[in-house]
Amino acid sequence: MAGCGWLLLLLCGAAGAVEHVVGDGDSGWDSGVNYAAWARKRTFAVGDVLVFQYVSSQHNVYEVSESTYRSCDGNHKGVLAKYTSGLDKVVLGEARSYWFICEFPGHCLGGMKLAVNVSAPSSPHAAPFPPGSPSASTAASSTRSRAWSLTMVPLTLALLQFINRAIR
Ligand SMILES: [Cu+2]
């Protein structure tokens, strides 16, 4: 469900929450992955789910404050939640920023940290029609038929007059 294309966007929206597998299937939640680049490639809406997949003896997931995200100092004050199962699903329930780090020594400082901005869900009615939609071509063809009748009606009348005069 990660890559919703243009047409699938409506379906994805209708289906509700999107599950984002952090790091995608290739790397999951691991050292040596640029999670800032991963997060930049997608959008997160309220109700979406982050899925952290990792070896639980080697990593964990702490939801932290922004300052702890920056300092990587996993002190108690800055830790909002701890996940350690190896397959953790975190619901992004609010329109705000979320920060996650791996609390294993050195991992966060090595770049194992993730920040996501969650936006409010957009209205399903806000989706615009793509260019060249059926309504646009219908308008064009009705213009064409009006132009057609504007030339054909006088021609037909003239022809009828001609026939009328010829048979007298
Ligand atoms: Cu780690």
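Buried residues make up 18% of the 168 residues in the chain, where buried means that 20 or more other C-beta atoms, placed from the backbone, lie within 10 Å of the residue's own; exposed means 12 or fewer, and partly exposed lies in between. The model is predicted: local features need pLDDT of at least 70, side-chain atom pairs count only at pLDDT 80 or more, and totals for chains, interfaces and linings use all residues. Residues are numbered from 1 along each chain as its sequence is written.

**Overall make-up**

- The chain has five helices and eight strands, taken as DSSP runs numbered from the N terminus (helices are H or I, at least four residues; strands are E, at least two).
- Read from the N terminus, the order of elements is α-β-α-α-β-β-β-α-β-β-β-β-α.
- Of the contacts between residues at least 6 apart in sequence, 66% join residues at least 24 apart; a contact requires C-beta atoms, placed from the backbone, within 7 Å.

**Sheet**

- An open sheet of five strands with mixed pairing has the order S2-S8-S7-S4-S5; two strands pair if DSSP finds at least two bridges between them.
- Strand S2 (44-45) and strand S5 (79-83) are the edge strands, each pairing on one side only.
- Strand S4 (residues 61-64) and strand S7 (residues 97-101) run antiparallel and are joined by three bridges.
- Within S7, phenylalanine 100 is the bridge partner of glutamate 63, and isoleucine 101 is that of tyrosine 62.
- Five bridges link S7 and S8 in the antiparallel sense, and phenylalanine 100 stands opposite leucine 114 in S8.

**Nonpolar core**

- The largest nonpolar core contains 19 residues; such a core is a set of buried Ala, Val, Leu, Ile, Met, Phe, Trp, Tyr and Cys residues joined through C-beta atoms within 7 Å.
- Phe52, Val61, Phe100 and Ile101 have the most contacts inside this core.
- Strand S3 (49-53), S4, S7 and strand S8 (113-119) each give two or more residues to the core.
- Apart from residues up to four places away in sequence, valine 61 touches Trp29, Phe52, Tyr83, Asp88, Phe100 and Cys102.

**Serine 65**

- Serine 65 lies in the loop between S4 and helix H4 (66-71).
- Serine 65 counts as partly exposed because 14 other C-beta atoms lie within 10 Å.
- Beyond its neighbours within four places in sequence, serine 65 is in contact with Gly78, Leu80 and Trp99.
- The C-alpha atoms of serine 65 and tryptophan 99 are 6.4 Å apart, although the two residues are 34 apart in sequence.

Definitions and conventions:
Two residues are in contact if their C-beta atoms, placed from the backbone, lie within 7 Å.
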